[in-house]
Amino acid sequence: MKSLEGDGYKVDFDSGDSSIRLAGSLRLGGLSEYAPISQLLDESLDGRSTLTVDLTGLEFLNSSGIATLSKFVINARNRKDCALTIRGSNAIPWQGKSLNNLKRLMPALELVFD
Amino acid sequence: MTEDFGHFVDIRPGRDAESLNLSFWPGHLPLKQRWRNNGLSADFLGDYVTTFFPLDDDIPETRHRQAEIRGAVSYIANELLENAMKFHDAGQPEPITILSLDDEQIVFQESNGASADNAAAFRAFIARLREADPGELYLEQLERNALSEDTAGLGYLTMINDYGAELAWRFEAGHDGGYRVITQVTLKL
């Protein structure tokens, strides 16, 4: 398990389970501040044929965070070696509005809402 | 001199108008220290509006609607405050966020100072935004950001695409060739 923690958020990458979970509220100031999370997301794709990104506990994500997540999805799309699933929650309003855009970036993405 | 882009709403302190006003002087604290206040203020605005969208246990839809409105207000206010803090020119008057509510819409109004150069770049972005299809421009911007780390305008594009918001801007000539830029975001109810 590899983790990143900051003010109000947590990211856990569980290699054995092939899943990475983002939880809390993420409103970091720009892509440079998102770099460690971006790196962990990209790393979680390495040598893996499936990966689940669990966002069911991510209450808030600002536009820099949306940019970071989109960048990761584009990276996964371009690598073509890992089947990506993103789990969202219907109880968190921003996810119903914004996560569908990721599917437009990567049609093969499996988007599941709890 | 004043220049408008989009439909600018006149916010008048009328008898039935509810509004809330937050003022900041970004220069008083380092940006890094100030940043977490964006989230606190935005969440406060989100919670504040829920008063006007009460829960009714007999109508389950009210719970969903309240959560949707809280989320939308919190997201939009946070983006506007982040922009105000990032782009504010300390030579100009302070950024302010006004949240105005009536039966039909919620209007956010944020103003900040901008240097002549920043104002010109921003005008060019607004011109692109007004000419392009916002859905396509959004995807284009995400693809570009994956290569060049350029996230310009993504906050505005999410407001339009994901929240169905209408945006308008007013540029007022200010001190030393700079401008006071007022951004309005309208959410129809």
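Student: How many residues of chain A are in contact with chain B, and how many of chain B with chain A?
Tutor: This is a predicted model. In it, 21 residues of chain A are in contact with 26 residues of chain B.

Student: Which elements of chain A give two or more residues to that side?
Tutor: They are α2 (63-79), α3 (93-98) and α4 (100-105) of chain A. The largest share comes from α2(A), with 7 residues.

Student: What about the classes on the side of chain A that touches chain B?
Tutor: That side has 8 nonpolar, 8 polar and 5 charged residues.

Student: What ipTM and pTM does the predictor give the complex?
Tutor: The ipTM is 0.90 and the pTM is 0.90.

Student: And what pLDDT does chain B average?
Tutor: Chain B averages 87, and 96% of the residues score at least 70.

Student: New topic: α1(A). Where does it bend?
Tutor: α1(A) bends at Ile37(A), by about 35°.

Student: What span should its 15 residues have?
Tutor: Helix α1 of chain A covers residues 31-45, so at 1.5 Å a residue it should span 21 Å. Its end C-alpha atoms are 20 Å apart, which agrees.

Student: Which residues of α1(A) are buried?
Tutor: Tyr34(A), Ile37(A), Leu41(A) and Ser44(A).

Student: Which residue just after α1(A) takes a positive phi?
Tutor: Gly47(A), with a phi of about 60°.

Conventions:
Residues numbered from 1 in each chain as written. Chains lettered and ligands numbered in written order. Predicted model: local features only at pLDDT ≥ 70, side-chain atom pairs only at ≥ 80, totals over all residues. Contact = placed C-beta atoms within 7 Å. Helix = DSSP H or I, 4+ residues; strand = E, 2+ residues; numbered from the N terminus. Nonpolar A, V, L, I, M, F, W, Y, C, P; charged D, E, K, R; others polar. pLDDT = per-residue confidence, 0-100. Expected span 1.5 Å × (residues − 1). Bend = angle between axes of the 7 residues up to and from the residue. Buried ≥ 20, exposed ≤ 12 C-beta atoms within 10 Å, placed from the backbone.
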